[in-house]
Amino acid sequence: MTSPMPRPATAETVTVTTGRRLAYLVVLVLLPVVLLALAVPAAWGWGVGPRDLVIAVVMYLVSIFGIAIGYHRLFTHRAFKANRALRIALMLAGGMAVEGPLTLWAAEHRRHHKYADREGDPHSPWRYGDSGLALLRGMLHAHIGWFYTARRRSSRRHWVPDLLNDPDVRRFDGAYPAVVLLSFALPAAAGGLWSMSWAGAWSALLWGGLIRYAVVHHVTWSVNSIAHTFGDRPFRTRDRSSNVWWVAMLTLGEGWHNWHHVEPTCARHGVLRGQLDPSARLIRWFERAGWAHGVRWPSADRLTTLRAAARTSPAEPPEVSRPAGPSL
Ligand SMILES: [Zn+2]
Ligand SMILES: [Zn+2]
């Protein structure tokens, strides 16, 4: 991001209205849990057929790649540049995850990087302390609690003025309710057309729409809760970002979170041997196809130096200062 104009001095956070917090509670906290609970008897009772499974997996991949490559690596961190068609496609794919408008998502995430695991971080699992119940409570807060408990959210004017100036992003965020509808209409239409029946449309809506969105949410949020709590930390950072292989697999590369906090603008998160990063692989394909350019790949020299530094003086768990006060 190169902006020659000085940023206007704006507050980092703005108040969230009660109505909005209630909407967050329903869409981001309660509904996914209820849907996941429903999925168990549904799967137990009549199972999930191959048609619904295919539709759900495709929708899952589109949503997670859309968040990882689009919302996160492209728009929030500018890890690469993409032509307009790819930018719009990635925006829409990210929208399928139903994790909020792009500017809101990016604003919260940029604030997370600035204050990771310190006062000001919107979702640190270390918020209440580092022992037993306090940590469990912190993980719940980092996973989903903060959506509802936060009295203030990140100001878009402060954190993402570049995205607010992007006409395509503005149009996307303006049409966000329609994008959410599409996230459920697409699997339903696919199931209906595939089976040529209403029953097929309904069951695809359940598995490829509702249950898939609930799973996508919890997989994404596990980066905030689990990959800031457990796992190894091969690089030294000021925070507790870590690598958890199974989170990395479910998030298509995002669970290699330790390096990501060392170099947030890097297009590859899994930088060490054996760290599979499907999102980085896809960005490489986009680059080869000529759709992406200016990709920030990791420098081998820098990786070697930083690994050696971490080996000679292993990372102490950094101090975590607990945010004070009821906000955030
Ligand atoms: Zn993080
Ligand atoms: Zn990030």
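**Figure 1. R78 in the loop between helix 2 and strand 2.** In this predicted model, R78 sits in the loop that runs between helix 2 and strand 2 (81–82). Its phi is positive, about 55°, although R78 is not a glycine. Most residues other than glycine have a negative phi. R78 is partly exposed: 16 other C-beta atoms lie within 10 Å.

**Figure 2. L252 in the loop between helix 11 and helix 12.** Helix 11 covers residues 245–250 and helix 12 covers 257–262, with L252 in the loop between them. L252 is another residue other than glycine with a positive phi, here near 60°. Is L252 buried or exposed? L252 is buried, because 23 other C-beta atoms lie within 10 Å and the cut-off for a buried residue is 20 or more.

**Figure 3. The crossing of helix 2 and helix 13.** Helix 2 spans residues 50–76, and helix 13 spans residues 278–289. Their axes come within 10 Å and cross at roughly 70°. Helix 2 is therefore roughly perpendicular to helix 13. The crossing is right-handed. Which residues meet here? From helix 2 come F65, A68, I69 and R73. From helix 13 come S279, L282 and I283.

**Figure 4. Spans annotated as transmembrane region.** An unreviewed UniProt entry gives the annotation "transmembrane region" to residues 21–47, 53–74, 86–106, 126–148 and 178–198. Two of these spans are described here. Residues 86–106 are 71% helix and 0% strand. The end C-alpha atoms of residues 86–106 lie 18 Å apart. Residues 178–198 are 90% helix, again with 0% strand. Here the end C-alpha atoms are 22 Å apart.

Figure 5. The unreviewed UniProt entry places "domain: Fatty acid desaturase" at residues 54–268. Over residues 54–268 the chain is 67% helix and 2% strand. The end C-alpha atoms of this span are 28 Å apart.

**Figure 6. The whole protein chain, for context.** The secondary structure comes to 14 helices and four strands. The radius of gyration is 20 Å, close to the 20 Å that the globule rule gives for 328 residues, so the chain is as compact as a globular protein of that length. Along the principal axes, the C-alpha atoms fill a box of roughly 60 × 50 × 40 Å. Buried residues make up 45% of the 328 residues. Of the contacts with a separation of 6 or more, 69% join residues 24 or more positions apart.

Definitions and conventions
Residues numbered from 1 in each chain as written. Chains lettered and ligands numbered in written order. Predicted model: local features only at pLDDT ≥ 70, side-chain atom pairs only at ≥ 80, totals over all residues. Rg over C-alpha atoms; globule rule 2.2 N^0.38 Å. Buried ≥ 20, exposed ≤ 12 C-beta atoms within 10 Å, placed from the backbone. Contact = placed C-beta atoms within 7 Å. UniProt positions renumbered as here; feature names shortened; annotations may be inferred. Axes fitted to C-alpha atoms, helices over the stretch in contact; angles between N-to-C directions. Parallel < 35°, antiparallel > 145°, perpendicular 65-115°, else oblique. Left-handed = near helix turned anticlockwise from the far one by under 90°.
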